[in-house]
Amino acid sequence: TGLVTLDAGYGNTAGVKSAITYLDGEQGILRYRGYPIEQVAERGNFLETAYLLINGELPTVDELAGFQTEISQHTMLHEDVKRFYDGFPRDAHPMAMLSSVVSALSTFYQDSHNPFDEEQRHISTIRLLAKLPTIAAYAYKKAIGHPVVYPRNDLGYVENFLQMTFSVPAEKYELDPVVASALDKLLILHADHEQNCSTSTVRLVGSSQANMFASISAGISALWGPLHGGANQAVLEMLEQIQRDGGDVDSFIRKVKNKEDGVRLMGFGHRVYKSFDPRAKIIKDAAHQVLSALGKSDELLDIALKLEEHALQDDYFVSRNLYPNVDFYTGLIYRAMGFPTSMFTVLFAMGRLPGWIAQWHEMIKEPGSRIGRPRQIYTGVVERDYVPVEQR
Ligand code: CMC
């Protein structure tokens, strides 16, 4: 079909130009606006990172304070939003609640539907960043049948999320600084990753000039799948399954290599990284640190370490350049922090939000930006005559 070439899964096709994130998969390099991920994770905090991704530069002290204040003034959800949660079944997956409620924000903020209104773009950005942790914490409270805990503006971004999630009105809540700082770092590591599935989804939906809430809600849905953000939940379920089967790592690896029932080693492999995932390196160290700081030993960590060791020596994985990715160790940390497995991908979404927003802004501001409209190679019947139903 003329000039149209097939590139399944967009392995070689760039659909956009972007100045946000640099990724070199051969060398395992990841940079946000030019800053190496190792430095951002070590020296920065999540809100600074969000500011950097969205605005292109690190904030000054005053800019950061202004950004934080503005976000803290928008953390509450309209009381009517609580009724959405009343309607969801108790065992609803929190990712389903997250994407639904984010989409529903567009019903409350109808002034923000025009993507070319700069002021509305700004306020939508602040609202999304401010409200996603509240939406996520409400989803968790719904699942365990507890009353929601309202946001507190005297707390930092992550601290506020933790208190909305883990505090209960009947008890005094003591925030664990180890948990807060580890979670902040994990959010930074997830903050952007150029044109991955969910980010491309946000851009594609946004390219039709749909509003930011609708675009981000679609991104959350794309993130949910087990080959993308849902991998962190899938990794933990895999480790638990291996534990139930007596901890036999060898036989699991064999299953993966034989592709039995399409079993994959979850948390391994990446479309772009072919040497190592720099985020996985940082997270592996963090997993050890957090677990020992929280005084938790986890048999699943031992299984994970064994799996990694076996896989890295096995020709199946070596020849296919399959290495641990960002999701391999995150679940173990989230679990040690007290999050249920179903919340893991929600934490990924909270981390990825600034990236989605930054990419949406870049897309909408790009001069001459066009609607995303991939082509196809048609493989169906070329032409045939229509037969009325009674003659078929
Ligand atoms: N376990 C076993 N085999 C694998 C795995 C795995 N995790 N990943 C890829 N392969 C094999 C695959 O079967 C294929 O083998 P063959 O050549 O014999 O057919 C070969 O490696 C190439 O795989 P592919 O599916 O063409 O690779 P892809 O670039 O399309 O997929 C991936 C990338 C991340 C979806 C895939 O590696 C995968 O499914 N990994 C497990 C899920 C996972 O951890 N996802 C999180 C990704 S990182 C976080 C994020 O950004 O979302």
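Student: At what angle do α8 and α17 pack, and how far apart are their axes?

Tutor: In this predicted model, the two helices meet at an angle of about 65°, and their axes are 7 Å apart. The crossing of α8 past α17 is right-handed.

Student: What makes up the contact between α8 and α17?

Tutor: From α8 come Leu186, Leu187 and His190, and from α17 come Leu347, Phe348, Met350, Gly351 and Arg352. Sorted by class, that contact has 5 nonpolar, 2 polar and 1 charged residues. Gly351 counts as polar because the classification places Gly in that group.

Student: How does α7 pack against α8, in angle and axis distance?

Tutor: Helix α7, residues 157-166, packs on α8 at about 115°, with 9 Å between the axes. This crossing is right-handed. Val158, Glu159 and Leu162 of α7 meet Val179, Ala180, Leu183 and Asp184 of α8. By class there are 5 nonpolar and 2 charged residues in this contact, and no polar ones.

Student: Let's look at one residue of α8. Why is leucine 189 called buried?

Tutor: The cut-off for a buried residue is 20 or more other C-beta atoms within 10 Å. Leucine 189 has 24 such neighbours, so leucine 189 counts as buried.

Student: Which residues beyond four places in sequence are in contact with leucine 189?

Tutor: Leucine 189, which lies in helix α8, is in contact with Ile37, Ala41, Arg279, Ile282, Ile283 and Val326.

Student: How do you know that the ligand's shell draws on each domain?

Tutor: At least three of the shell residues come from domain 1 and at least three from domain 2. In total 21 residues surround the ligand, the closest being Ala231, Arg264, Gly269, Arg271 and Asn325. The shell has 8 nonpolar, 9 polar and 4 charged residues.

Student: What makes helix α2 count as mostly covered?

Tutor: Of its 10 residues, spanning 46-55, 8 are buried. They are Phe46, Leu47, Thr49, Ala50, Tyr51, Leu52, Leu53 and Ile54. Glycine 56 follows α2 and has a positive phi, near 95°.

Student: Which residues other than glycine have a positive phi?

Tutor: Among them are arginine 33, with a phi of about 50°, and glutamine 209, with a phi near 70°. Arginine 33 sits in the loop between β2 and β3 (35-36). Glutamine 209 is in the loop between α9 (197-206) and α10 (212-224).

Student: Why are arginine 33 and glutamine 209 called partly exposed?

Tutor: A residue is exposed at 12 or fewer neighbours and buried at 20 or more, and partly exposed in between. Arginine 33 has 19 other C-beta atoms within 10 Å, so arginine 33 falls in the middle class. Glutamine 209 has 14, and therefore belongs there too.

Student: And what makes valine 81 partly exposed?

Tutor: Valine 81 has 19 other C-beta atoms within 10 Å; the buried class needs 20 or more, so valine 81 is partly exposed. Valine 81 lies in helix α4, residues 81-87. Beyond four places in sequence, valine 81 is in contact with Val101 and Ala104. Leucine 105 is 24 residues away in sequence, with its C-alpha 8.6 Å from that of valine 81.

Key. Residues are numbered from 1 along each chain as its sequence is written. This is a predicted model: local features need pLDDT of at least 70, side-chain atom pairs count only at pLDDT 80 or more; totals for chains, interfaces and linings use all residues. A residue is near a molecule or strand if its C-beta atom, placed from the backbone, lies within 6 Å of it. Domain bounds come from an automatic or database domain assignment. Axes are lines fitted to C-alpha atoms, for helices over the stretch in contact, and angles run from 0 to 180 degrees between N-to-C directions. Helices (H or I, at least four residues) and strands (E, at least two) are DSSP runs, numbered from the N terminus. A crossing is left-handed if the near helix is turned anticlockwise from the far one by less than a right angle, and right-handed if clockwise. Two residues are in contact if their C-beta atoms, placed from the backbone, lie within 7 Å.
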